[in-house]
Amino acid sequence: MAVMFMQLWKDWELQLLVLLSFTLQISVFFFGSLRRRSTNSTLRLLIWLAYLLSDLVAVYTLGQLSQHESGPHGAGETHQLTFFWAPFLLIHLGGQDTITAFSIEDNELWLRHLLNLLTQVGLAIYVFWKSAARNQLLIPAILIFVAGIIKYGERTWALRCSSQKALRDSTHVEGTGQFPELLERDLQLDYLTIVKYALSSAPGVIDLFVGRKIAKMKDNIRDIFTAVNVFQVPAEGRRIFKILEIELGMMYDNLYTKARVVRTWLGAILRCVSHISLIVAFVLFLVGKKQRHYSNVDVSITYALFVGAFCTEVCAFFFMVVMSPFSWAFLEYWKCQRLARVAWSIFKNIQPESRPQWSNSMGQFNFLNSCFSDPLVGKMMNLVGAKELWRNFRHAKNVQIKAELKDAIFESKHHPGMLSGGTSPSPGLGSALDTILQKPFEEVILFLHAYTEIFLHRYKNPASSSCHVSDKTWHLMDTCRKVSEYMVYLLVVHPTMLNVSSNIRDVLEEASESVVKASGTDWSKEQFLEKLATDQYLYAPSSPVLLAGFVFQGESPSHESLEFLAYAWVMILLYAAGKSRGDAHAKQLSMGGEFLTFVWLYMAHCSLGDMGFVEIELVRSTGINEGGGGRKAFIWDNQRHR
C-alpha cells in the first residue's frame, strides 16, 4: 500500500504542487485585502500562513521542475506540459497586488527579494534550457516567462518603493495635487471635498509616517496638510474622521500593496505588456495543443493557471484602480470630464461615505477583571511560558467605535492645558493630579483606570437611593469606560505605541499583586471596588490601584465630575497620541488599524504633538514657565488657576 502511494505521489507530485501553489495565490489575493478591515487574529494567522507557504511552495515546485525529465528519454513522456508551468510559478512568486508585504519589515528586505528574483529566474531559465529544444510550445512559454519576470519584478519594486528611505525621498518629487477650491475660506466638507483633501494631503501623510516633522515638510505640502479651513474651524467629528480614514487607507496601500508601482507610467506600461503577453500566450497555447497530444489533466491544469492569472489581474485592476480615488483624480487632472464623472460614480457607490475603510474598532482591556480571573489557569499557563498570551486572549477584546465617541474627540477643538485644580469639580482627583501626572506614564494610566472603575461603580450604585441616569450621562460614562480600557489595552498589548518605560511587565505584575493581596478570598471585583472606595486604611503609595482608592475616598460623584473625568481621559489620549511614533502606527495599519493612529494623525493636522509645532507634556513643572514662544502645552496646567 505504501509503495503504491509513493508511486502515485511520484507520478502526480508536480501537478499537485502546481495546483497547491495556484490555490494559495487565490487565497492570498482575496484574504489579503480583508486584513485592513479586520482585527481577527485567526484571519491574520491564516493570511500569514498562506503568505509564507505561497512562496515556499512555488520555490519548491520550481526546484522539482528543474529535476523533471519530460523528453522522450525521460520518465515524463505523458507530462510534457510541466516545463510550461515554470513561468507561471514566476508569476506566483510575484505575489498579489493586494498584499506585497505582510509586515512593515518586509519592505526593508527588498534587496533579499531582488536576490531571490535573480535566483528563481535563473532556475526557470535552466528548466527552459532542458526542455525547449523538444517542445512546440516554446513561444507561448517565453511570453508567459516575460509576464512572470514583470510580475516578480513588480513585487521587488513595490517593496523598495514602500521602504522608509524610498518613501522619505518620494515626497521631494511628488506634488500635493491640491485642488484650487480647497483654498476657499468657507469650505463645505461634503464627501467629494473630503476625498479631494485626502488626495491633496497624501504627501504630508507619507512625510509624517517616515518621521519627518511638519516644520521640515516642503511649504506647499505643509500648507495643505495643516489647512486652517479644515482643521481649525468647527466641523462634525465624523467628517474629520472620514478624512483621516481615507488618508490612512491610502497609506495602507502605499505600505502593503503594489499601489505605488501601478500608479506610475512605467508600472502601467509593464502591466499592459504583462496582460498582452498572457493573452497572446493563451491563444498560441490553444492553437499549439491541437497539433500534439497532451495529458488531459495537464491541459486542464494549464487552463486553470491561465484563467486564474486572468481573473486575478482583472480583480486586481478593480481593487487597485477602480476602487481607488486616484483614478478619478487622474482623469480630472487630464480634463477627461465624462470619464471622471463615471469614475467618481463608481467609487462613490463602491466606497460610500458610510462604509468604514478600516476595522472601526478599538481594543479593550479591564485590568481589574484580569486580576480576579481564575488563578489556577493563570498558574498553569505561567508554567508553559504562555501567561501573557493567555491573559491577552482571555481579557482583551474589541468593540465598535460609536459615532458619539468620534464626535467627543474630533468635533471640538480640544487643546491641552484645560485641566486645573482650581476649576475641577472633583476636589480629590483635582488636587491629586498635580502629583500623579509627574509619575511614569504607565502608572498614570493604571491610576486613572482604577479611579474610573471606582467612580463608575459608585455613580451607578450610589450609597443613597437610586437616581435616574440621562442619555447624556450614559454617553459620558461610556466614553470614560471605553477610553480607560483602551489605554490599558495599549499598555498591555501594544506598549511600544506609548511613551512608557521598558519595565512595563514588572509594573503590571506589581500592580496585579497589590490587588490580589488587598482583596479577600473569593472576592468579586465589585466587592473590591467598594472596599477601595470606603476603606481609608487600604493605602499604598507604590500601588497605582490602591492610590486611586485613597484619592477617591470622600468624593461625591456628580455629573460635573463625570464630565471632568471624561475630558481628562480625552486629554490623556491626546498626550499618548502626541508622543507616539510613525513606525508604530504603520505596523498597526496591517492589523485593522488602531484608534490611536487616527488621534495621532488628527493632532498632526492641528500641528499638535511631537511631530507638530506644539509639543505636549503631562504636567508643567512647578516654578517653570512655558518658553520657546508657546511651543509646549500641558495636559495639567498647575499654574492656570494661580
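Visitor: Where is the place of Thr156?

Guide: Thr156 sits in helix 6, which covers residues 138-161; helices (H or I, at least four residues) and strands (E, at least two) are DSSP runs, numbered from the N terminus. This is a predicted model, in which local features need pLDDT of at least 70, side-chain atom pairs count only at pLDDT 80 or more, and totals for chains, interfaces and linings use all residues. Residues are numbered from 1 along each chain as its sequence is written, and side-chain values use heavy atoms, with hydrogens and water left out.

Visitor: Is Thr156 buried or exposed?

Guide: Thr156 is buried, at a relative accessible area of 6%. Buried means under 20% relative accessible area, exposed over 50%, and partly exposed in between (1.4 Å probe, protein chains only).

Visitor: Which residues is Thr156 in contact with, leaving aside its neighbours within four places in sequence?

Guide: Those residues are Trp110, His113, Leu114 and Leu117, where contact means heavy atoms within 4.5 Å.

Visitor: Changing topic, how many disulfides does a search of the whole structure find?

Guide: The search finds 0 disulfides, a disulfide being a pair of cysteine sulfur atoms within 2.5 Å. As for individual cysteines, Cys161 is buried at 14% relative accessible area, whereas Cys336 is partly exposed at 28%.

Visitor: At what angle do helix 23 and helix 28 pack?

Guide: Helix 23 (residues 441-460) and helix 28 (residues 559-578) pack at about 155 degrees, and their axes are 12 Å apart. Axes are lines fitted to C-alpha atoms, for helices over the stretch in contact, and angles run from 0 to 180 degrees between N-to-C directions. The two helices are therefore roughly antiparallel; angles under 35 degrees count as roughly parallel, over 145 as roughly antiparallel, 65 to 115 as roughly perpendicular and the rest as oblique.

Visitor: Which residues make the contact?

Guide: Among them are Phe441, Leu448 and Phe455 of helix 23, with Leu565, Trp569 and Ile572 of helix 28. The contact residues divide into 14 nonpolar, 4 polar and no charged. Ala, Val, Leu, Ile, Met, Phe, Trp, Tyr, Cys and Pro count as nonpolar, Asp, Glu, Lys and Arg as charged, and the others, Gly among them, as polar.

Visitor: And how far apart are the axes of helix 14 and helix 15?

Guide: The axes of helix 14 (residues 265-288) and helix 15 (residues 296-322) are 11 Å apart, at an angle of about 155 degrees. Their contact includes Arg271 of helix 14 and Glu313 of helix 15, and its residues comprise 11 nonpolar, 2 polar and 2 charged.
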